[in-house]
Amino acid sequence: MKELSLNILDIAENSVKAGAKLTRITVDETEESLILTIEDDGCGMTEEILKSVTDPFYTTRTTRKVGMGIPLLKMAAEMTGGGVEITSRYKDEFPDSHGTTVTARFNKKHIDFTPLGDVTESIATLIQGHPDTDFLFTHRTGDKTVTLDTREMRAVLGDVPLNSYEVICWIKEYLKEQYS
Amino acid sequence: MKSLAELQAIKDRMKDKVILREGVNDIRVVVGMATCGIAAGARPVLATLVEEVSAAGLSDKVTVSQTGCIGICQYEPIVEVFEAGKDKVTYVKMTPDKAKRVVEEHLKGGNVVNEYTIAGHKE
């Protein structure tokens, strides 16, 4: 992946596929480090599956539970001296608190650090593709915080779909203004 | 400054349109957005399609959506066009520029851009 924002788009798709109602995407940046957290309330994974998600050869075409997504994120993080941690609570064991959290740590000073890239475009793409699930995006850099909560948008928009062209444009502008 | 209040204005503008739109979208454009598609450059292709479909005034006729792995990862980014009564068209190795041409010639003009299809593309 050329940008970390593409990994974000890719990993968040897993949350949607796991039936998440809300996916929280958080980027925490300091001078030295970038910590990406993708936390969902989807169905979660059993311990057995959780153990194998970082193995690119785990996926079989018939089950397609995971694929290259996590291995690529892991590689990008480990190349910088960081790493990926995944915790998960499977719905059958945790009926009221299921979901998965993926945390990736990057050392920004490392020469192999992949730049974050256009995260606004990734968030807009996610919402365009999944207008019926909610996303909470937070990007903290030093004392600045950029945020977007689709639940707030939905409260105003009512039955207007979040993937309407006008709404997607608004999302991009709203985030761009916060970044500027 | 952009604010949530502006969404109310969008809602008011769209009130009548939403009712009109139901059931009229007869062309479905689908972009492969699995790991393979994303890594190959599907994100800007999708963004271009969304933008150009709206700019061409085709929003009532064309829906742009996303799907997972289509199964021929080496040809990503892939864009499939489904139209009632017609064969599916599969565009391969797409770019934002190619997407613009597909909107103009195929979605608007009704002519498949053969050189971008899986059958017509050259390595």
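Modeller: Let us begin with a definition: helices (H or I, at least four residues) and strands (E, at least two) are DSSP runs, numbered from the N terminus. Asp143(A) lies in the loop between β5 (134–141) and β6 (144–149) of chain A. Please note that this is a predicted model, in which local features need pLDDT of at least 70, side-chain atom pairs count only at pLDDT 80 or more, and totals for chains, interfaces and linings use all residues. Residues are numbered from 1 along each chain as its sequence is written, while chains are lettered from A and ligands numbered from 1 in the order in which they are written.

Biologist: Is Asp143(A) buried or exposed?

Modeller: A residue is buried if 20 or more other C-beta atoms lie within 10 Å of its own, exposed if 12 or fewer, and partly exposed in between; C-beta atoms are placed from the backbone. Asp143(A) is exposed, because 5 other C-beta atoms lie within 10 Å. The C-alpha atoms of Asp143(A) and Thr30(A) are separated by 9.7 Å, although these residues are 113 apart along the chain.

Biologist: How many helices and strands does chain A have?

Modeller: Chain A has six helices and six strands, in the sequence order α-β-β-α-α-β-β-α-β-β-α-α. Of its 180 residues, 43% count as buried.

Biologist: What is the radius of gyration of chain A?

Modeller: The radius of gyration is taken over C-alpha atoms, and the globule rule is 2.2 Å times the number of residues to the power 0.38. For 180 residues, a compact globule would have a value near 16 Å; chain A has 16 Å, which agrees. The C-alpha trace of chain A spans about 40 × 40 × 30 Å along its principal axes.

Biologist: How many residues of chain B and chain A take part in the contact?

Modeller: Two residues are in contact if their C-beta atoms, placed from the backbone, lie within 7 Å. Here 22 residues come from chain B and 29 residues from chain A. On the side of chain B that touches chain A, α1(B) gives the most, with seven residues. This side comprises twelve nonpolar, six polar and four charged residues. Ala, Val, Leu, Ile, Met, Phe, Trp, Tyr, Cys and Pro count as nonpolar, Asp, Glu, Lys and Arg as charged, and the others, Gly among them, as polar.

Biologist: At what angle do α4 of chain A and α3(B) pack?

Modeller: Two packed helices are described by the angle between their axes and the distance between the axes. Axes are lines fitted to C-alpha atoms, for helices over the stretch in contact, and angles run from 0 to 180 degrees between N-to-C directions. Helix α4 (residues 119–129) of chain A and α3(B) pack at about 65°, with their axes 11 Å apart. From α4(A), the contact involves Glu121(A), Ser122(A), Thr125(A) and Gln128(A); from α3(B), it involves Arg43(B), Leu46(B), Ala47(B) and Val50(B).

Biologist: Which residues does a cis peptide bond join in chain B?

Modeller: The bond joins Glu76(B) and Pro77(B), with omega about -5°. Pro77(B) lies in the loop between β2 and β3 (79–83) of chain B.

Biologist: Where is Lys93(B) placed?

Modeller: Lys93(B) is in the loop between β4 (89–91) and α4 (96–108) of chain B. Its phi is near 45°, a positive value in a residue other than glycine. Lys93(B) is partly exposed, since 16 other C-beta atoms lie within 10 Å.
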